[in-house]
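Here are a few friendly notes to read alongside the structure. Please keep it open as you go through the points.

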Amino acid sequence: MHRVFEFDDIIYAVLQHVKSSARDLVNVAMTCSRLADSALDILWFEQSSLAPLIMCLPQDTWEVTENGVDHTVHFSREPTLIEWERLRMNASRVRRLVSTHGFTDVLKPRRGEPSFIPDPDVSDHVLQRLFAWSCPATLFPNLCELHFEAVFGLLEHSSKFWLLRQFILPGLQALRSDVTDIPTHEVEQLLAALPAEAHGLRQLTVSADDGTTALAVPPSLGKLPKLIGLAIFGIDVSLTRQTIANIQQARSLQSLKLKLCGTSCDAGGIPLELPSLKTLYLSGGSLPQCTHFLRQVTTRQLSHINIRYCGSASPAEMTAFIESLSTSCQNFGYLERVYVVDESEHPDYLLVIPLSSEIFRPLFKFNRLSSVKFIGVGNFNLDDGFLNDVPVAWPSIRELKFTSWKRRAFYSVTFTAMMSLALRCRSLQTLHLTVDATQSTTIPRADETEELWRTQTALRNLHLGYSEVSEVARVPYFLAEVFPTLLNFKWYACHFGDSDVDIAMESALYDASQQLRALRNSTDEDDSDERWEDDSDDSWAW
């Protein structure tokens with residue numbers, strides 16, 4: 001063997017190029033003993049099931065049964081002690097037992113990728129025999145992250161809590177667990193034991209009944225000195241004040257995710273400071289409930305806020321929410337991303353919720369904003385003056401979406417103003433607006449000269465919603481000439497019937513798209529970046 005492989009860091013760097021293939025790692029491990037340990041460490045580093053470990057036992061000890069799309073590993077005979085030891089060797093290399101997605105996230109393969117095929121589950125009996133032979137602390141001495149429900153979902157509820165307590169280890173850094181059907185007092189005991197039994201914990205996620213059952217936040221979390229991420233799916237809004245007071249004890253907390261439940265908010269009081277908080281995610285409640293929570297906290301370093309509310313919010317309620325950002329964020333120079341979406345299960349799209357520019361102008365205080373997204377929250381009624389002020393207020397803006405979705409936006413913004421906005425925001429990559437492109441476009445000029453603005457090479461994605469377009473605006477020409485890197489030009493299909501106006505509007509947008517393709521010499525298959533239109537926020541998941 002070449003002398004270069006005498007160094008572990010070089011071996012590790014080489015193996016990074018094959019770590020995506022389990023078969024390749026196995027082949028490397030079988031090449032020579034010098035490479036085996038490093039290859040097997042990478043192979044077993046992260047697992048989403050205990051099935052691969054069980055299937056390392058001799059093949060006559062286990063079998064896989066099928067029930068529809070489900071596959072479960074059972075024992076066909078009891079392994080011997082020597083056979084169990086083979087499993088222990090591989091288990092000691094496991095550092096992460098994790099799910100492939102969160103509690104409520106739906107796994108969606110990327111375009112062109114094969115569908116996800118999960119590892120088989122392990123039967124309750126097999127798990128009981130495994131942990132009767134060896135406790136988790138001995139079997140997984142190097143485990144640092146555990147998504148308990150994903151790995152042990154088949155266990156009976158009576159066994160889950162006992163086993164979960166066994167996994168609370170000093171070296172554990174991240175824990176995610178669903179405590180559905182576990183008695184409240186036992187959940188409280190578990191959380192209270194964390195500072196003593198898992199003092200190195202950095203991330204904690206707890207859920208009950210997908211966030212529909214309220215959980216109490218104990219003040220003992222403040223005794224976890226390294227806790228930087230806390231997610232609790234199920235917080236009673238009538239106890240908002242007490243919840244924040246207990247969360248405040250975790251002085252190093254940087255990320256907070258809460259799913260709100262309940263109907264009435266408490267009285268509140270003087271805002272409590274969360275000094276280290278950088279990201280805040282609130283979901284499940286109404287927009288006024290989210291606003292109430294914001295009014296109860298102050299932050300110095302908040303850079304990202306994600307709000308997913310349920311139930312239509314009035315213009316006054318949206319105004320109150322945006323104003324609460326100004327009182328909660330003590331330093332306007334930190335906030336970088338604002339994401340607000342109405343996630344109502346059955347929204348009333350015929351309800352008109354006019355949202356004028358004045359509602360959103362208080363956001364101009366936050367001059368470091370790079371992403372502003374309001375999705376399906378109402379009928380936007382913005383004006384050209386608002387668009388004209390965006391480049392000055394948000395010079396680093398990269399993503400700007402005022403997405404009406406199935407709610408009609410008012411045609412109050414001109415295509416000329418949109419062009420000026422996109423040209424002046426030199427970092428803007430994604431823009432979603434409904435505009436009026438029925439009038440002749442005023443050619444934007446630079447510095448009062450007769451020269452056209454220089455081309456903008458950042459814009460990749462443009463969505464014109466329910467815009468009205470006519471030939472006189474010369475939309476395809478300007479988009480082709482000014483935005484040479486534009487990959488996606490889209491709009492909404494009609495959702496409100498097949499009126500002559502809707503058909504004409506959609507036809508005009510389609511014609512503009514075809515003309516743009518012709519000017520670019522591109523084909524209908526040129527959709528290399530379609531995923532941009534998915535109105536999600538990737539930062540919701542850790």
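**Notes on a sheet and some helices**

1. Helix H6 (residues 124-133) lies across E3 and E5, and runs at about 45° to E3. Helices (H or I, at least four residues) and strands (E, at least two) are DSSP runs, numbered from the N terminus. Axes are lines fitted to C-alpha atoms, for helices over the stretch in contact (heavy atoms within 4.5 Å), with angles from 0 to 180 degrees between N-to-C directions.

2. A word on the model: it is predicted, with local features needing pLDDT of at least 70 and side-chain atom pairs counting only at pLDDT 80 or more, while totals for chains, interfaces and linings use all residues. Residues are numbered from 1 along each chain as its sequence is written, and side-chain values use heavy atoms, leaving out hydrogens and water.

3. The sheet is open, with three strands in the order E2-E3-E5 and mixed pairing; two strands pair if DSSP finds at least two bridges between them. Its edge strands, E2 (62-67) and E5 (121-122), each pair on one side only. Strand E3 (residues 70-75) pairs with E5 in the parallel sense over two bridges, and Val73 stands opposite Val122 in E5.

4. Now for another pair of helices. The axes of H15 (residues 384-393) and H16 (residues 415-424) come within 9 Å and cross at roughly 5°. That makes H15 roughly parallel to H16 (angles under 35 degrees). On the H15 side, the contact is made by Asp384, Leu387, Asn388, Val390, Pro391 and Val392; H16 brings Ala417, Met418, Leu421 and Arg424.

Key:
Parallel < 35°, antiparallel > 145°, perpendicular 65-115°, else oblique.
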